[in-house]
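My notes follow the structure.

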Amino acid sequence: MFAANIGQLYAGAAAGSCGSGHQYRRLLLLWSSSSMSRMNTVAAAVAVGSGVGQQQQHRHCCRQELDDYLRSDFGRKHPQQRCEQFWSQYWQKTGLFGDTDRQHRRRRRSQKTGQTIGGGDCFKLLLPPPNITGSLHLGHALTVAIEDALCRYHRMTGHTVQWIPGLDHAGIATQIMVEKHLWTKYGKTRHDLTRDQFLGEVDQWKTQRSAEIREQLLRLGASLDYTQEYYTLSPEMSAAVTEAFVQLFNRQQIYRSTKAVNWSYYMRSTLSDIEVDVKHIDGPTELTVPGYHKPVVLGVMHRFNYPLEDNSNDVIPVATTRLETVIGDVAIAVHPDDKRYSHMIGRMVINPISGRRMPIVADQSVVQTFGTGAVKITPGHSRFDHELAERHRLPVLLVFDQTGRLDCPELPEFHGLHRFSAKDAIKSALIAKGLYLDQSDHSHSVPVCPKTGDLIEHRCVPQWFLRCQQSTVDRARLAIVEDDLNPSVHCCPTVPYLDPDKHLSLVPPNYRFVWREWFNRLEDWCISRQIYWGHQIPAYNVIIDGQLTDEWIAAKSYSEALLIAEHRHPDHTIITVRQDPDVLDTWFSSSLLPLSVNGWPTATVNGKQQLDTQSSPLSLMETGYDILFFWVARMVQLSLELTDRLPFNRVLLHAMVGDSDGKKMSKSWGNVIDPIDIIDGISLKELIRKNEKIRESGFTTTTTTDTTTTTLAKSGQHTKHKLAKQFPSGIVSCGADALRWHLLRTNYKSENVSFDLKKVVKSRNFTNKMHQTVRFLFNNLDNRFVRLDILDLTDHLSPDDRQILSQLAETVRTANQAFESYDLREGVAALEHFWHNKLCDIYLERVKHVLKNTDDDDDLRTRNTVLNVLVYTINTGLRALHPFMPFITENLWQHINHRLLTITTAADDNNHNLRQEFSSICDEDYPDITVDPVLRQYQSVVNDRDMHLVGAIIEKIRWFTKYFEITDDILSTTRISIATYDKHLQNYRQLIQSAIGNDVDSVDMVSIHDIHRYYRSFCFKVCRNEVIADTDGGNIDGNNVDNDVDDDEDDDTNEYNILDIDKNNRNHFNDCYVLFSFSDEVMSKLSNELIADVSGVAVDDDGNGNDGIEAIDGQKRKEMFDMPTLIRFVNLLFKHRNSRFHQNYWKTKSMRESD
């Protein structure tokens, strides 16, 4: 089937029909979903065709198709739909992003420019795999826009790029959607089918959804390498998951235990803590729960009495929100110091429903002021109660089955009742016995499943857990260097120093503190799920002589497990094993992706699974902040455990995309927008119909009730009203370029961004402005134009020409810096401002009269000069814009090259044959003022800015060495690092080193993203408007507040506080820092000098509000000044530089020197 389809594709190409977009796209999707999707297009053609001849025929067809397209009319308006359709198909046909072509382009550019990426020449990125639950949304579009821009930028800077696509099987989420589909279409649940039948339904769902997702990615312009596509349930991925489980099981890091876990009665499965949302209930509240026929009332506290056993009239009152669990109570707990109940401790009570005898126990964990001060203990259905029961050796009773119905055959009046119906029945029974007291409003929080809306409860059942042991957790937590001190000093005095190569940078860095706190609270991870769809757990229960045992074996197959079991029990003749029917948590398999997509575990070193590269598996992990702990933290944890390395060194987190009101987009709210609807446009009627369908899919219940119908109706009316108000005429066709441009203009480093269609339309207008600029150029290009090098025209350039080239150089500088800092919106804003305001509004208007004058040779020469400047400026601008807007830049760049080729070869009727090989704008170099001689020559404005910053850096270094008495011998062993986003400062490294003297060991340039790796360095911020004050007894640093601080910010901002670089998500695009790194010997020497100078004082960092310095015994002081303490001491000296003590210290020292 596959060979036949590919044969049809290339047969059609040979017949000249390869431009049929719809047929080609559908065929491509069918091909990419086949088992041979890891072959690229050209390789497939060769495999099924006639070798080299077939390949040449395909190339000839593509060249002919491109020439025909470029010869078409270049109209007044940008043909957005035609342009994007053509180039998305053409890039795939030519295998532009395939491995072979990419390697060829990289070698060619590297030989020309000599550019390499730090630590290697490969930029490897993993597209967070979309779930096969449905189509992509705007959050995915933001991910694609950011990652595709980064990948195209790195391709154009000469790096090999591997952007790996894939799909996630999304166990629970997919099963929910398929179950709803089964109920809607057939009126059946998964329990009405066999496991194999249900998996067959899910597989059909996956095939349909995966084709839609690939189509959307192509339409968004994602330059993915589909030769490396993966699927998390493929045999290769399954092998990696099995290997990881077996290894961790054999290391006793995966174990089976009976614990109180989060249980969804609707899904009949466990959930991990991070898969559960918390919903606050303020007083009596009705909540619709899937699987129950009427709303459930929450926010009510019930009080009732437990009678004591000794036939007295004594009772002990308890309060609870969960009356339905009374049957499972095994004890009453009180605080040992509670005088109300101290005389009852050790006595027995009678369960009023089951009649069970229960002890009254004393436990320190009981809160005396909560409720009645007496707590009913139900260890089978409460994590708190289970922990207390273990301390007091109480029995554990499981009274609810997996569906949430009471399982108590000894109590027929309650047996089989639903948990919410049981609440009413037990309340009635307590009232009848005269034990029920009253009920009151109560505010509390309840756990809710975000996927189903089910109320989650604890259930004590045997499950599989990944042990989050202290050593592994510490390594993952400390991958982000923590610092509890003044952030001016990057040290970690409470833990051993880590290998700097294992430091992980988070962008923005304010998530570092959340990361640390999460790992501090981390408990063992429940990794088993009671569903059908997913990786079946490779654990086998041993059966001896027909009897189940408690012994489990982890193995890669049934035969291997059986062999191990027989080896362990040689004395038994009948040994069998049975595989656990449960599946692994989806996040377990997803957390292995950085390893599995790189070939793990097939590569081995000395018998141990290793990756075949020296660097981290991925160059960068880019994803939404909302799955930082679902996914990113788990990847770090498992990678450190299995390979002893980080899966990546840097994480870029982006915001969640909300609607125009900032509200989270949700299927149940009906405010989800399909990116394709923005690209192609959609009528209001169709938009309402589509959102109605999406909204209904957000309600996961497989039963229809009056409540569900009413909720859907109310939600539907609200959705229609909101859509009609927001899009009264529907959504106009804006195109992928405009959508990406708008998304990249947002502050995506914040937590939430709002989608605004008006701004997308404005971005579409910018694409028309670009198109009209090129059309203006074409209207003035004729056979008299002679292409010349701009450097050869230097003497003939007008002031306007020089100004536009200087502005272009500054814009290119900003664009490069935007990629280095991941503040892509800075590059977007600079490029749009340049093109719209500088190029179109000023330069073009000023040169129009020059282009019209053709009276004499001087006019023609001037006209030719202007056209050369215009061609160069537009060409450079298009290359700078390409990572952000790939379709229109490719289209305009190709048209310009074709027009110039036509002009220069007008006499040749076969000029189209000169195009021997397709060359994309992505094959070109990204503009760089350090490489492009024209930009380098006209960067006067940039040079002025550079020299100002270089001067401030030099003054900061001199200030540090002067005021902290850094002698020449210390300076000779000091490593100075300049942290910045601007890689072009590298050109001034020698100048800085020369200005501060030859005594400096070295001056290095580092990225601000990596600044936290220098946790033993002293770090100071350099302000661009800095004026160094040379005063006595005043502010010793003399720094002013940076220009980019908002007026409403505190002007006393501490410039040392670099760990809060992105505090409040402020923009620090132009920040610069100087870091001083001393050796241990120098630090020891400096400690002795400071102890001698500051006699009788030491650090008091107890946080009690004093100035942090108190007198201590001299001998004790010397003993406590180890290396970490010294860093704390010096740090506090910086922190309190304006304090009375510090001022007196410098004044006294100055007086001693004068004496």
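The entries below take the sheet and then the salt bridges.

Entry 1: I note at the outset that the model is predicted. I looked up an open sheet of three strands and read its order as E20-E30-E29, with parallel pairing. Strand E20 (505–507) and strand E29 (621–624) stand at the edges; each has a single partner strand, so one side of each lacks a neighbour in the sheet. On average, and with direction ignored, neighbouring strands of this sheet are turned by 20 degrees against each other.

**Entry 2: E20 against E30.** I then examined how E20 pairs with strand E30 (residues 650–654), and found the parallel sense over three bridges. Within this pairing I located Ser505 opposite Arg650 in E30.

**Entry 3: the helix across the sheet.** I asked which strands helix H7 lies across. Helix H7 (residues 138–156) lies across E29 and E30, and runs at about 140 degrees to E30.

**Entry 4: salt bridges.** I recall that side chains of opposite charge can pair when their charged atoms come close. The count for this model comes to 42 salt bridges.

**Entry 5: Arg251 and Glu641.** The side chains of Arg251 and Glu641 form a salt bridge at 3.3 Å, N to O. Arg251 is in the loop between helix H10 (235–250) and strand E5 (254–264), while Glu641 is in helix H18 (residues 628–643), so the pair ties together parts 390 residues apart in sequence. Arg251 is partly exposed, at a relative accessible area of 32%, whereas Glu641 is buried, at 15%.

**Entry 6: Arg813 and Asp982.** I found a salt bridge of 2.4 Å, N to O, between the side chains of Arg813 and Asp982. Because Arg813 lies in helix H24 (residues 799–821) and Asp982 in the loop between strand E33 (975–980) and helix H31 (989–996), the pair ties together parts that are 169 residues apart in sequence. Both Arg813 and Asp982 are buried.

**Entry 7: Asp1004 and Arg975.** The side chains of Asp1004 and Arg975 meet in a salt bridge of 2.5 Å, N to O. Asp1004 belongs to strand E34 (residues 1002–1007) and Arg975 to strand E33, so parts 29 residues apart in sequence are tied together. Asp1004 is partly exposed, with a relative accessible area of 24%; Arg975 is partly exposed as well, with 36%.

**Entry 8: a network.** Which residues are linked in a network of salt bridges? I recorded Arg322, Glu324, Arg419, Lys423, Asp454 and Glu457 as linked in this way.

Key:
Residues are numbered from 1 along each chain as its sequence is written. This is a predicted model: local features need pLDDT of at least 70, side-chain atom pairs count only at pLDDT 80 or more; totals for chains, interfaces and linings use all residues. Side-chain values use heavy atoms; hydrogens and water are left out. Two strands pair if DSSP finds at least two bridges between them. Helices (H or I, at least four residues) and strands (E, at least two) are DSSP runs, numbered from the N terminus. Axes are lines fitted to C-alpha atoms, for helices over the stretch in contact, and angles run from 0 to 180 degrees between N-to-C directions. Contact means heavy atoms within 4.5 Å. A salt bridge is a side-chain nitrogen of Lys or Arg within 4 Å of a carboxyl oxygen of Asp or Glu. Buried means under 20% relative accessible area, exposed over 50%, partly exposed in between (1.4 Å probe, protein chains only).
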